[in-house]
Amino acid sequence: VTVQTHPAGSVFVTLKECLGTDYVLPNLRKVLWFQLPWEEAEELAALKLMLCPKVSSMELIMHKWSDSCAEEVAASLRNFGSNPSQLHHINVTTGQNAHIEKALLELCYRQHHLQEFNVSWFHDMSFDTVVHLSKLSNLKSVTIRVDEETSKRVLAHAETCGTFFPSLQTFSLVTDNLDMATAWLDTLRHPGLQNLSFEIDVPATASDLNDFFTKLTTHPSRLTLRHFRFACYRPCETAVYAVLPDTLAPLFQLDLQSLKLEPGMPIDIDDDCVARIAEAWPRLQLLELGADWRRYMSPRTTLPGLVALARSCPDISALALPVDADPEMFVEAYEAGQRPTGGVSFPHCYSFGVGGSLVTTDTEMFLTAGFISDLCPDIMKLQTAWSRPCRARPGVVLDEEDETMGETWRTVEDYTREMARVRRQERMWLEIDEPFLYAMLPDGDELVTPEPTNQVIWVPAYGNVGEEDGEEDGEGEEDGEEDE
């Protein structure tokens, strides 16, 4: 059962008080719980009610708790999962809180059959914790956060131990620098890795990134790797560094379905590079390149350049990269009464991001919205770098420009959503089966579909297109008479 409304009053608190140590859903197997902005006591009671003895899979998305509530959450987690074979999947997104992180680690130690253990860590793990995780024979997905010193100890241990993440398919690492990320990649030689994510604190150079990407092409998992993410949320202090098409070139040898790059420097690619991406990864589902970069640069990727992706990668559901929103590149299509994308669009792209791009004038906002709504007719969300969650580590400042740079895109988003709604209605009509349209026409009428406008023209059999209203075969009607 799914409950999407806020229960009246303090029902969760009351229910928890009435049940005491009993469980409201004793046979519950899977929990997906979001912390909503209600009364904190209600949220805490609701979470406690979900921690039932037969739960084998839990996904918790928590934000910020007060100190007292955070300690209660930690205490509830410590009392949960006493059966060592109970939990198989633990996925938790949480704010920065040492008490909750420690309780989750203790929960992990109690479970012997974990398959997933992913937490948005804010504190580094210990050597013993990582070694414990590496021995779990069923563990397929894990998120590790370790500093350089601990990484060296763990990797040295891996060279002598008999078991080191034997079943791993998804690996996410948060560490200090690219050298440590490279060392982990060299140690994890599993041919079945499908998903890799690396986040570092010290920015790397574009040349070092190219070397790292090249290593992926010779890794044993190169044939199975489908999802790759690399991020550094500390901006590079050297302004001359930028990720260029040649930097990305090694990745084109892989068969990726999703790519997220936030390297701590601009990603400067052009339409030709976008075309190479479309050709290299036809099964692409998600592409984010510099979507969180909050420092303006003049993008070389144009909106019309994204048409190549829509043509070759129909499975894309989320797309984000800085773009040049100059409407001069497609205004002629508008003036000619044609679709600005030339009739090409993503079938199921729901999220579109523009990074730190600029759009200024009212004309640019309107025409850009028209193009995006044509490219992504199912769009639900248009984001800038400032409207996306800030993932920088505490004390790191990402912004060089003011957040007001992204405000004009809010107007574009309003226009885009409304235009997309109208386009969906139009296409629903155009997708009606042609026999049904013929059945609706009077006898003898002809259904004509000219190229390339995709417009359906109804040509009446009783007259010529362009005849004056009220005339039929050259004969007028008496005043006051109406067509039947």
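**Close-up 1. Arg 153 and Phe 127, a charge over a ring.** The charged end of Arg 153 sits over the ring of Phe 127, at 4.2 Å from the ring's centre. For a charge to count as over a ring, NZ of Lys or CZ of Arg has to be within 6 Å of the ring centre and within 35 degrees of the ring normal. A word on where this comes from: the model is predicted, local features need pLDDT of at least 70, side-chain atom pairs count only at pLDDT 80 or more, and totals for chains, interfaces and linings use all residues. Residues are numbered from 1 along each chain as its sequence is written, and side-chain values use heavy atoms, with hydrogens and water left out.

**Close-up 2. Helix H5 against helix H6.** Here the axes of H5 (residues 127-134) and H6 (residues 148-160) come within 10 Å and cross at roughly 35 degrees. Axes are lines fitted to C-alpha atoms, for helices over the stretch in contact, and angles run from 0 to 180 degrees between N-to-C directions. On the H5 side, Phe 127, Val 130 and Val 131 make the contact, and on the H6 side Thr 150, Arg 153, Val 154 and His 157 do. Contact here means heavy atoms within 4.5 Å. Sorted by type, these residues are 4 nonpolar, 2 polar and 1 charged. (Nonpolar covers Ala, Val, Leu, Ile, Met, Phe, Trp, Tyr, Cys and Pro; charged covers Asp, Glu, Lys and Arg; the others, Gly among them, are polar.)

**Close-up 3. Helix H4 against helix H5.** H4 (residues 98-110) packs with H5 at an angle of about 40 degrees, their axes 11 Å apart. This time the crossing, H4 past H5, is left-handed. Leu 105, Cys 108 and Tyr 109 of H4 meet Asp 128, Thr 129, His 132 and Leu 133 of H5. That contact, too, divides into 4 nonpolar, 2 polar and 1 charged.

**Close-up 4. Phe 366 and Tyr 415, an edge-to-face pair.** These two rings are 5.9 Å apart, centre to centre, with 75 degrees between the planes. Rings of Phe, Tyr and Trp (its six-membered ring) pair if their centres lie within 6.5 Å; planes under 30 degrees apart are stacked, over 60 edge-to-face, and the rest tilted. Phe 366 belongs to helix H13 (residues 362-375) and Tyr 415 to helix H14 (residues 408-430), so the pair ties together parts 49 residues apart in sequence. Helices are DSSP runs of H or I with at least four residues, strands are runs of E with at least two, and both are numbered from the N terminus. Phe 366 is partly exposed at 44% relative accessibility, and Tyr 415 is partly exposed at 35%. Buried means under 20% relative accessible area, exposed over 50%, and partly exposed in between (1.4 Å probe, protein chains only).

**Close-up 5. Phe 165 and a cluster of rings.** Ring pairs link Phe 165 into a cluster whose members include Phe 164, Phe 171, Trp 184 and Phe 198. Phe 165 lies in the loop between H6 and strand S6 (170-175). Its relative accessible area is 0%, so Phe 165 is buried. Phe 165 also has a positive phi of about 45 degrees, although it is not a glycine.

**Close-up 6. Ser 76 in helix H3.** Ser 76 lies in H3 (residues 67-78) and counts as buried at 16% relative accessibility. Leaving aside residues up to four places away in sequence, Ser 76 touches Lys 48 and Leu 51.

Methods. Left-handed = near helix turned anticlockwise from the far one by under 90°.
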